[in-house]
Amino acid sequence: KTFRETVLVTGGAGFIGAHYVPWAAAAHPETRFVDLDLLTYAADTGAFSEQAKLPNVVPVIGDITDETLVAKIFEEMDVTGVIHFAAESHVDNSIADPLTFIRTNVEGTAVLLRAARDAWTKRGTLETSRFHHVSTDEVFGSLGFTGFFTEETPHAPNSPYSASKAASEHLVRAWRETYGMNTSITNCSNNYGPRQHGEKLIPTVIRKALAKEPIPIYGTGRNIRDWLWVEDHCRAVDLVFREAAPASAYVVGGRCEKSTIEMAEAVCAVLDEMTPWVGHRHAELMTLVADRPGHDFRYAISPEKIERDLGWRPTMAFDEGIRRTVAWYLGEGRGRLLAV
Ligand code: NAD
């Protein structure tokens, strides 16, 4: 079969990529997706093998910092667009081991940008081929009780993770300004849904609750995050990649602010309902522990621009999304829960 275009997706075995790739492969059957993923500890290898069965997905195991491999993929697969998810993504790990984050998130993005520019310049498609960079609202630093992040908010990253993501965004900007690359960027808030690695908040709450161990809550538990159903994020990425003007950036969020305690309580309430009674409400296991250093107080997004320009809306109600997430970890995703 011949395809109309080939899109290189990086990190398609990660939490968000593992939702994006099968959805996009079905939504765009005329597009071939090359999924380049190193299969680090964070990857969902089961999801990656499933992708291999799809007629328009070509999984490639490899490192985005591998210049030879990346250049070869651009040349041999005739890549016409990039959606760049691959990253080291866990803030706590970035505090313990920052250099891995610099290597993958900063250097890896530069390797991809350079290979894209070389290949697309050679083919004369630099202006029409799109490089989409998936970023986070964490690059904006912390909000107080009021206000929202918008596309105009300046970067003020506070963790090695968010600093590496901010740096990679600056590289995307530089390739746009210096080389005329056709770029787009999305800055999304916290995603939730099935398939997230066991180290993150929601699976940690579930794992600890099921083991009847204390559920650790950083600091006062009052830090606020703006939660978005992972598939709603995937649709936003796809829309911006395909329809947004060159050089555009969009912040993406679910208008769903929750403190850590509220999120943990919501997960525990669903567990109370879905698992046999264990003699206590699961939320009683919540225990405040020493705060994460540099812990940002509040992230919140005003997604007005993407709603207005592209007609994007979050579709999933939080109560339903959290039920589906917990149900997945109790069933098919049980193994993922333990993979810490
Ligand atoms: P994840 O950690 O679950 O997955 C990352 C994937 O990238 C893994 O499959 C891993 O194997 C792969 N990877 C890591 N290093 C690589 C390398 N050197 N070469 C090739 N592949 C490599 O992350 P996620 O939660 O799916 O996040 C995906 C992207 O979205 C990241 O760029 C992240 O910054 C961004 N983001 C995430 C969230 C969120 O809430 N999870 C919110 C906003 C933005």
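UniProt, in an unreviewed entry, places the feature "domain: NAD(P)-binding" at residues 8-325. UniProt positions follow the numbering used here, feature names are shortened, and annotations may be inferred rather than shown by experiment. Over residues 8-325 the chain is 43% helix and 18% strand. The end C-alpha atoms of that stretch are 28 Å apart. Helices (H or I, at least four residues) and strands (E, at least two) are DSSP runs, numbered from the N terminus.

This is a predicted model, in which local features need pLDDT of at least 70, side-chain atom pairs count only at pLDDT 80 or more, and totals for chains, interfaces and linings use all residues. Residues are numbered from 1 along each chain as its sequence is written.

**Domains**

The domain assignment of the protein chain gives domain 1 (5-192 + 228-255) and domain 2 (201-224 + 258-298 + 317-338). Such bounds come from an automatic or database domain assignment. Between the centres of domain 1 and domain 2, taken over C-alpha atoms, lie 28 Å. Domain 1 puts 14 residues into the contact, and domain 2 puts in 10 residues. Two residues are in contact if their C-beta atoms, placed from the backbone, lie within 7 Å. On the side of domain 1 that touches domain 2, helix H4 (residues 91-96) gives the most, with 3 residues. That side of domain 1 has 6 nonpolar, 5 polar and 3 charged residues. Here Ala, Val, Leu, Ile, Met, Phe, Trp, Tyr, Cys and Pro count as nonpolar, Asp, Glu, Lys and Arg as charged, and the others, Gly among them, as polar.

**The ligand shell**

Around the ligand stand 31 residues, of which Gly-11, Gly-14, Phe-15, Ala-43 and Ala-87 come nearest. A residue is near a molecule or strand if its C-beta atom, placed from the backbone, lies within 6 Å of it. Two or more residues of the shell come from each of helix H1 (15-27), strand E2 (31-37), helix H5 (98-123) and strand E5 (130-136). H1 gives the most, with 3 residues. By class, the shell has 14 nonpolar, 13 polar and 4 charged residues.

Helix H3 covers residues 67-76, and Val-70, Ile-73 and Phe-74 in it are buried. Seen down the axis of H3, these buried residues fall within an arc of 95°, so they line one face of the helix. The arc is that of the directions from the helix axis to the C-beta atoms. On the other side of H3, Thr-68 and Glu-76 are exposed. A residue is buried if 20 or more other C-beta atoms lie within 10 Å of its own, exposed if 12 or fewer, and partly exposed in between, with C-beta atoms placed from the backbone. The cover over the buried residues of H3 includes strand E1 (5-10), E2, strand E3 (57-61) and H5.

Most residues other than glycine have a negative phi. Asp-78 lies in the loop between H3 and strand E4 (81-84). Arg-255 also has a positive phi, near 45°, and is not a glycine. Arg-255 sits in the loop between E11 and strand E12 (257-259).

**Individual residues**

Phe-101 is found in helix H5. Setting aside neighbours within four places in sequence, Phe-101 is in contact with Glu-88, Ser-94, Pro-160, Tyr-161 and Ser-164. Its C-alpha atom is separated by 25 Å from that of Ser-248, 147 residues apart along the chain.

Leu-210 belongs to helix H7 (residues 201-210). Leu-210 and Ser-135 are 75 residues apart along the chain, with 33 Å between their C-alpha atoms.

Pro-246 is in the loop between helix H8 (230-243) and strand E11 (248-252). From Pro-246 to Thr-45 the C-alpha distance is 34 Å, and the sequence separation is 201 residues.

| Residue | C-beta atoms within 10 Å | Class |
|---|---|---|
| Phe-101 | 25 other C-beta atoms | buried |
| Leu-210 | 17 C-beta neighbours | partly exposed |
| Pro-246 | 14 other C-beta atoms | partly exposed |
| Asp-78 | 14 C-beta neighbours | partly exposed |
| Arg-255 | 17 C-beta neighbours | partly exposed |
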